[in-house]
Amino acid sequence: MNLTLKIWRQKNADDKGKMVDYPISNISEDMSFLEMLDVLNQELIDKGEEPVAFDHDCREGICGSCSLYINGRAHGPDTLITACQLHMRSFKDGDTIYIEPWRATAFPVIKDLIVDRTSFDRIQQAGGFISVNTSGNTQDANAIPIEKQNADMAFDAATCIGCGACVAACKNSSAMLFVSAKVSQFALLPQGRVEATDRVLNMVKQMDDEGFGNCTNTGACEVECPKGISLENIARMNREYLAASFKG
Ligand code: SF4
Ligand code: FES
């Protein structure tokens, strides 16, 4: 395939940034999207030009680092996959492909297509954990009976990989889907109930402090989430927050 790539180039957080055109040829439809970017970068390096900076680690949909906005959609045109799982067979010969970073105040651009998502880390640090005694007499987690339905919902919430596509897809740059997944995975299990009140209050406060916007109720986050995290988690977080506010 021969393609035209229009890629966001930005030297650093202070640079204004701009779209730059890159024609690329002989791309196999069996390549992954990131392999196609590898080919482009090798060509740029061979010409003595600066390669395009983009984030990646696992390249198999686990780490959540490949935060690319492709043709106006978070993680590209396919659903329930990350950008690293996207293949070039999803495009046609002659296509023009627009590639941009996530755009949100709380995700400032570091360089080109890489954004700073440490705001998510700080939200996690505010409550995305349980405190357990690990001194040697810890109770086996499997010894506590848990309803199958709750175990399944907690597991589904825990599949959130923290990629930030929900924020990028939201016109308010809301992080509600991410935070609600992290709150839900603990709220649904007895081990998470002990700190449930503080957890939801602290995580929501940190989310607001980081500059994420309010939920739009449009559901764009759920549509673009590569892990299919359900909007039901936001409803659960709202209930948790209301109950915690009365207690707190
Ligand atoms: S909720 Fe989905 S889109 Fe948002 S960070 Fe988690 S996996 Fe990514
Ligand atoms: S590189 Fe890890 S999810 Fe894409």
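Predicted model: local features only at pLDDT ≥ 70, side-chain atom pairs only at ≥ 80, totals over all residues.
**Helices**

- Helices (H or I, at least four residues) and strands (E, at least two) are DSSP runs that are numbered from the N terminus.
- Helix H9 covers residues 232-247, and because each of its 16 residues is taken at 1.5 Å, the helix should span 22 Å, which agrees with the 23 Å between its end C-alpha atoms; the expected span is 1.5 Å times one less than the number of residues.
- Asn233, Ile234, Arg236, Met237 and Glu240 are buried in H9, and they lie on the same side of H9 because they cover an arc of only 155° around the axis, the arc being that of the directions from the helix axis to the C-beta atoms.
- The buried residues of H9 pack against helix H3 (148-158), H5 and H7, with contact taken as C-beta atoms, placed from the backbone, within 7 Å.
- In helix H2 (residues 118-125), the buried residues are Ser119, Phe120 and Ile123, and their arc of only 100° around the axis puts them on the same side of H2.
- Those buried residues of H2 pack against H5 and helix H7 (196-209).

**Sheet**

- Five strands form an open sheet with mixed pairing in the order E2-E1-E5-E3-E4, where two strands pair if DSSP finds at least two bridges between them.
- The edge strands, each pairing on one side only, are E2 (18-24) and E4 (73-74).
- Strand E1 (residues 3-9) runs antiparallel to E2 and is joined to it by seven bridges, with Leu3 having Ile24 in E2 as its bridge partner.
- E1 and E5 run parallel and are joined by four bridges, and Ile7 has Ile99 in E5 as its bridge partner.
- Strand E3 (residues 68-70) runs antiparallel to strand E5 (residues 96-101) through three bridges; Ile70 stands opposite Ile99 in E5, and Leu68 has Pro101 in E5 as its bridge partner.

- Of the 15 residues around ligand 1, Cys160, Cys163, Ala165, Cys166 and Cys225 come nearest, a residue being near if its C-beta atom, placed from the backbone, lies within 6 Å.
- Helix H4 (165-169) and helix H5 (176-187) are the elements that give two or more residues to this shell, and H5 supplies the largest share, three residues.
- By class, the shell has eleven nonpolar, three polar and one charged residues, where Ala, Val, Leu, Ile, Met, Phe, Trp, Tyr, Cys and Pro count as nonpolar, Asp, Glu, Lys and Arg as charged, and the others, Gly among them, as polar.

Notes: Residues numbered from 1 in each chain as written. Chains lettered and ligands numbered in written order. Buried ≥ 20, exposed ≤ 12 C-beta atoms within 10 Å, placed from the backbone. Contact = placed C-beta atoms within 7 Å.
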